[in-house]
Amino acid sequence: MKDQIEAIQAEALASIAAATDTRSLEDARVAVLGKKGTLTEVSAGMRDVPKEDKAAIGALLNTARSAITAALEEKQQGLQDTADRKALEGIDLTLPARALHHGSLHPLTIIRHQAISILRRMGFALAEGPEIEDEFHCFDALNTPADHPARNEKDTFYFDSGKLLRTHTSTVQVRTMETQAPPVRIIAPGSAYRRDEIDATHLSVFNQLEGLYVDTDVSLGDLKGTLEYFLRELFGSATEVRFRPHFFPFTEPSFEIDVKLHAKGQAPRWVEVAGCGMVDPAVFEQINASRKDSTYDPEKVTGFAFGMGLDRLAMIRWGLKDIRLLIENDARFLKQFA
Ligand code: DAH
């Protein structure tokens with residue numbers, strides 16, 4: 001039996017050495033170690049070996065098996081190395097790789113982050129409210145009566161339920177005052193929806209940033225100082241800003257804020273970026289009625305509010321002549337912000 005085992009081992013090692021690919025190597029393995037392999041069959045003969053020889057023969061079998069397994073592994077590795085080397089032949093490893101494309105934040109995200117960070121430094125906390133609103137929070141509570149043009153079906157997206165897509169983020173002023181007592185100092189960035197014709201300065205889904213500050217003795221001077229400071233922080237100290245008297249139902253007095261837009265290849269022009277004003281006492285009365293208390297006593301508290309168009313701020317910030325660039329997802333445009 002000893003001779004037989006040695007012969008099997010020698011034969012197996014020879015056929016392993018002779019194998020030229022993984023296929024012939026596998027055949028060599030099966031021939032010796034497979035279910036019907038030569039070594040497997042000799043091992044089965046162990047039961048007939050006399051007791052006194054069992055240990056020696058067993059050791060011999062083990063040695064043969066280890067030698068064959070080691071040879072198989074080594075050959076396998078060798079074949080793999082050869083295949084790898086072959087695969088790399090003709091490839092120039094010094095060729096520079098293709099450039100990676102870096103992703104970037106969308107300009108609207110960038111401007112929103114910057115606006116929030118400036119206002120947070122000034123003590124404003126973030127607040128939010130739903131985009132699907134009811135008429136009370138979008139209009140009635142903001143002193144906007146049923147016959148006001150903003151409530152027209154031609155201007156607002158209504159659902160059959162009577163709810164609507166909020167036309168402005170001023171709804172968050174109402175929701176905040178319903179649940180919090182003064183002093184209130186909040187900002188609420190978010191989407192707003194209008195049935196506007198889309199053009200170079202209008203989108204039907206757009207982005208606003210609302211602000212509200214209510215306390216005792218809040219003045220128009222606070223409003224102007226806060227917003228001028230904000231705009232200069234965002235756009236630089238040379239920014240030209242103009243407050244233009246306007247009308248909003250929920251503020252009195254009210255203003256629109258224009259900032260000079262310097263778009264490439266165009267003459268500088270004023271672009272309206274925000275509405276603002278002193279909270280109308282009628283709004284406080286509505287809030288009190290909704291809260292069923294007199295927390296917002298118009299004799300005791302005053303406040304200012306503002307609503308900015310984030311898309312418009314982005315236009316000013318980067319000198320964009322067309323607001324639609326912000327929603328077209330043209331990689332040639334977006335790449336510039338990487
Ligand atoms: N909600 C107004 C709009 O979308 C903007 C606005 C004006 C917001 C005056 C305010 C404000 O908070 O006080 O046109």
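Two strands are said to pair if DSSP finds at least two bridges between them, and strands themselves are DSSP runs (E, at least two residues) numbered from the N terminus. In S8, Glu272 is the bridge partner of Asp258. Strand S7 (residues 251–261) and S8 pair in the antiparallel sense over nine bridges.

The model is predicted: local features need pLDDT of at least 70, side-chain atom pairs count only at pLDDT 80 or more, and totals for chains, interfaces and linings use all residues. Residues are numbered from 1 along each chain as its sequence is written, and side-chain values use heavy atoms, with hydrogens and water left out.

Seven strands form an open sheet of mixed pairing, in the order S1-S4-S5-S9-S8-S7-S6. Its edge strands, S1 (125–126) and S6 (241–248), each pair on one side only.

The shell around the ligand holds 15 residues, a residue being counted if one of its heavy atoms lies within 4 Å. His168, Ser170, Gln173, Arg194 and Glu210 come nearest. By class, the shell has five nonpolar, eight polar and two charged residues.

| Side chain | Ligand atom | Distance |
|---|---|---|
| His168 | nitrogen | 2.9 Å |
| Gln173 | oxygen | 2.9 Å |
| Arg194 | oxygen | 2.7 Å |

Taken alone, the ligand exposes 360 Å², of which the protein buries 91% (Shrake-Rupley method, 1.4 Å probe). Strands S5 (205–215), S8 (269–279) and S9 (302–309) are the elements that give two or more residues to the shell around the ligand.

Technical notes:
Polar contact = N/O pair within 3.5 Å; in protein donor to acceptor, adjacent residues only side chain to side chain. Helix = DSSP H or I, 4+ residues; strand = E, 2+ residues; numbered from the N terminus. Nonpolar A, V, L, I, M, F, W, Y, C, P; charged D, E, K, R; others polar.
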